[in-house]
Amino acid sequence: MDKFSFLNAAHSQLIEDLYQQYLKYPDSVEPSWKSFFQGFDFALENYADDDSSAAPAMSANSAAVSNAAAGTEIPEDIKKEFKVLNLIEAYRHRGHLFTNTNPVRERRHYEPTLDIENFGLTQADLNVKFNSAAETGLSGAATLQQIIDHLRKIYCESIGVEYMHINNVDEKKFIREWLQVNENHAKLSAEEKTEILHKLNQAVAFENYLHTKFVGQKRFSLEGGESLIPALDQLISRSSQLGVDEVVLGMAHRGRLNVLTNIFGKSYKQIFSEFEGKEFEEDVFSGDVKYHLGSSKKVKTASGEEVSINLTPNPSHLETVAALVEGICRAKVDDKYKDYKKVLPIVIHGDGAIAGQGIVYEIAQMMTLEGYKTGGTVHIVVNNQVSFTTNYLDARSSTYCTDIAKVTESPVMHINADDVEAVVHAMRFAADFRAQFGKDVYIDLLGYRKYGHNEGDEPRFTQPNLYKSISKHPNPREIYKAELIKENIVSDEVLKKMETEFKALLDEDFDASKEIERNTMDIFMEDDWKAFPICPRGAMQNSVDTTYDLGQLKELAIKMSTLPSDKKFINKITRLYETRKKMIEANSLDWALGEWLAYATLLTEGNNVRISGEDVERGTFSHRHAVVKTEDTEEEFIPLRHISDSRFDVYNSHLSEYAVLGYDYGYAMASPNTLTVWEAQFGDFVNGAQIIVDQYLAAAEEKWKIQNGLVMLLPHGSEGQGAEHSSARLERFLTLCANENMIVANCTTPANYFHLLRRQLKFNFRKPLVVMTPKSLLRHPRVVSPLEDLAQGSFQPILDDTQADASKVEKLVLCSGKLYYELLTKKEELACENIALVRLEQLYPLQQDKVDEVLEKYSNRKQVIWVQEEPENMGAWSYILRNFRSHGIEVIAPVQSGTPAPGSHKMFERNQATIINRVFDRQDEPSKRPVTA
Ligand SMILES: Cc1ncc(C[n+]2csc(CCOP(=O)(O)OP(=O)(O)O)c2C)c(N)n1
Ligand SMILES: [Mg+2]
């Protein structure tokens with residue numbers, strides 16, 4: 001209580017004692033003291049660290065308080081001040097529940113209301129002046145009525161604000177003060193108002209035009225949420241004034257065509273032509289529906305700043321694109337801007353999607369993570385209160401669709417989308433808050449959906465009442481027009497001219513669109529990809545030089561295996577690094593060293609490397625140790641940061657696959673010269689991110705002409721750990737492979753892995769690379785390579801059996817991955833000469849000339865067999881069968897199964913022994929050696 005110097009010093013000890021007593025036993029003190037202390041606690045909790053604004057209200061009554069301190073009854077006016085303070089506080093906490101933010105529905109009723117009676121105040125108090133007014137930004141004392149009017153303007157009109165869930169006092173203070181300026185209403189010049197109307201006119205007229213010209217065609221109209229267009233316009237221009245140079249936007253279907261034209265400046269002509277359903281210019285691209293396409297443009301804002309803006313192409317899968325947006329922004333910061341303030345991620349959500357899709361949470365949790373933060377995202381919800389046919393009440397349990405904001409303590413503004421000035425104002429807030437604190441902001445634009453989910457849908461099947469009121473509702477342009485006419489800002493004539501000119505422009509473009517024969521596709525971030533022409537068919541088969549000077553390679557290997565002598569690490573780490581050095585001396589490098597050297601060499605050649613995923617710093621199998629920590633202070637040491645000036649980033653991700661894979665895919669999309677690697681904890685967990693694999697990795701180039709060099713490392717292999725942790729679902733990747741869309745590999749030597757990784761950046765195009773990576777092979781004594789194989793070799797898509805005498809081979813056995821070593825052991829054990837073991841190191845694309853060469857070489861063969869440890873319905877078998885059908889290929893594999901591996905270790909051993917024995921025609925003979933290394 002020391003802070004309250006206004007309390008009479010003579011009585012301070014007495015009060016302190018009473019206060020301590022109250023803290024222990026609140027009911028033991030006299031009721032008037034109890035309420036005094038309650039008010040004191042309240043003020044302390046809410047304002048003490050915040051600012052001293054509560055104090056003036058109390059100190060103004062210091063004399064009276066002193067009286068109270070002296071043991072006399074607390075005067076009524078003091079008690080009332082506290083009640084008024086309570087009311088003010090309640091407006092801040094709960095004002096958003098009592099707003100006029102819903103244009104077409106009555107809001108739900110919330111209890112208790114903000115009626116003054118609920119705060120112990122009466123109608124008679126309305127004309128009484130209270131010093132607490134100062135707390136709301138009013139100058140000096142004001143009547144309760146004035147205070148309430150003021151609070152209602154700030155908190156209960158077209159904007160509802162949620163910010164009291166934020167714990168950071170600076171952020172809260174910033175917001176409170178921001179809202180108090182002009183009572184949380186936009187201050188706009190006549191020009192600004194006219195510009196807003198102009199954007200609104202574009203948005204409304206464009207939709208109307210499409211509605212009449214392309215009747216019943218899907219366009220996912222923005223109608224009911226047209227103020228999104230002036231909103232984005234404002235957000236971009238305000239942000240650019242605050243230092244943003246580049247914006248990356250992600251959004252779904254709703255209103256996308258409107259955004260493409262009226263924000264990105266895509267020609268109306270082009271959109272009209274796309275409605276005609278013409279083919280795209282180049283046949284090799286299947287293209288995509290118009291409301292999924294991306295764009296990258298440079299635009300000039302109203303205040304003259306130039307901003308690069310990008311709309312990320314997205315699949316139908318709602319919210320997926322948001323992960324990419326974050327990764328793209330981060331790559332742009334890392335590569336170019338070096339400052340989060342210069343790149344702004346904007347994600348536009350639907351109310352259904354933001355509430356329902358789990359990836360939203362995964363992305364929200366990235367906000368402050370070192371490896372994933374982007375300096376704050378502006379989230380805008382085009383909240384039409386329905387998702388497809390589902391009412392908002394069935395779409396979530398939370399009060400608001402934006403309640404995810406509470407997770408990151410981000411502020412939220414809910415706005416009546418009919419009030420375009422309020423919308424613009426909220427955008428200014430979002431830009432200002434983000435620029436100031438680098439945190440996420442959520443803007444909930446409450447509108448409606450004029451038609452059904454798409455324009456062919458009948459919304460009255462499911463919401464007959466709502467649609468009665470929507471059908472009579474004027475559009476936001478009409479509402480704003482009426483306002484501006486009332487304010488004498490624009491005349492009827494100017495308005496008419498604005499509308500007719502725009503309509504004429506649309507007519508002209510409509511006619512011109514007929515002349516277009518084939519549609520061209522805007523390419524997302526085209527400028528960043530100029531140096532990487534799309535790979536012509538077949539070029540992936542060309543050999544690529546991945547060699548590196550042997551002497552320098554050895555030097556690098558030693559350097560990155562050397563820990564600084566002035567730092568103390570735990571013994572195990574010191575020993576591990578010593579072992580690495582010994583391997584180098586012995587010229588026998590293991591898997592981890594092969595991988596490290598791939599990174600190290602790329603770094604010295606001016607590329608950057610980013611590795612992300614769960615526990616990648618150490619490596620799930622404790623093999624990587626890319627980040628080591630000193631024993632006492634946990635200071636980090638990252639050897640690969642000490643070999644060149646290039647960036648080596650390695651980040652343990654949070655426990656997410658879907659969002660993190662999407663993020664890293666986005667990162668690779670924006671940074672073609674970074675080797676971007678995402679590693680799954682175990683390969684099976686990649687299926688949590690299946691949407692990214694299906695919709696982007698496999699399909700982006702065909703749909704959107706977008707390349708991506710992301711590397712996915714997926715630990716794979718049956719090692720007796722049960723049904724899980726055995727399979728990265730190789731079969732799924734191979735099913736997705738076509739038209740050289742990606743690379744799928746399963747290497748067996750450190751050298752081949754080294755070249756495979758290096759080749760990713762040596763190609764002059766980019767393709768996603770999926771690698772089935774080993775577990776037991778990480779420490780297998782035979783899985784080693786000499787430095788020469790790294791320095792002078794190249795990636796081998798197929799490894800022939802160098803021991804076999806081709807003329808004696810009757811059975812050509814094809815396999816891939818770790819099973820090879822188990823087969824090899826058996827082959828040596830049996831001194832078997834009639835079998836050749838050939839490894840497919842790259843499963844897709846198959847290097848056909850090399851495959852043919854091998855098949856021809858074993859011309860005496862009687863059988864070609866594919867052998868795999870995955871059950872017959874999984875693994876590569878179906879794919880192999882498709883590709884080797886004409887060679888009469890047979891299979892040896894465990895019987896088909898619903899799980900990738902058996903649950904018991906014993907059964908696994910039996911299965912493994914059976915398939916190996918079958919290869920060597922030793923039916924059911926138990927293996928003499930353990931099947932795993
Ligand atoms: C992951 C996913 N599940 C289902 C769908 C099918 N779908 C398309 S739009 C839609 C409703 C979206 O509602 P909302 O997010 O509110 O956006 P709105 O269409 O209302 O603008 C659904 C369920 C989808 N596109 N993505
Ligand atoms: Mg919706």
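In this predicted model, the C-alpha centres of domain 2 and domain 3 lie 38 Å apart. The chain as a whole is divided into domain 1 (5–164), domain 2 (188–516), domain 3 (548–780) and domain 4 (798–919), with bounds taken from an automatic or database domain assignment. Residues are numbered from 1 along each chain as its sequence is written, and side-chain values use heavy atoms, with hydrogens and water left out. Local features need pLDDT of at least 70 and side-chain atom pairs count only at pLDDT 80 or more, while totals for chains, interfaces and linings use all residues.

Turning to the interface, 36 residues of domain 2 are in contact with 34 residues of domain 3 (heavy atoms within 4.5 Å). About 2,600 Å² is buried between domain 2 and domain 3, and carbon and sulfur atoms give 64% of this area (accessible area, 1.4 Å probe, that two parts lose on being put together, summed over both).

One salt bridge is counted between domain 2 and domain 3 (a side-chain nitrogen of Lys or Arg within 4 Å of a carboxyl oxygen of Asp or Glu). Asp335 forms a salt bridge with Arg647, and their closest N and O atoms are 3.3 Å apart.

On the side of domain 2 that touches domain 3, the elements that give two or more residues are helix H12 (320–337) and helix H14 (359–364) (DSSP runs of H or I, at least four residues, numbered from the N terminus). Helix H12 gives the most to this side, with eleven residues.

Key: Chains are lettered from A and ligands numbered from 1 in the order in which they are written.
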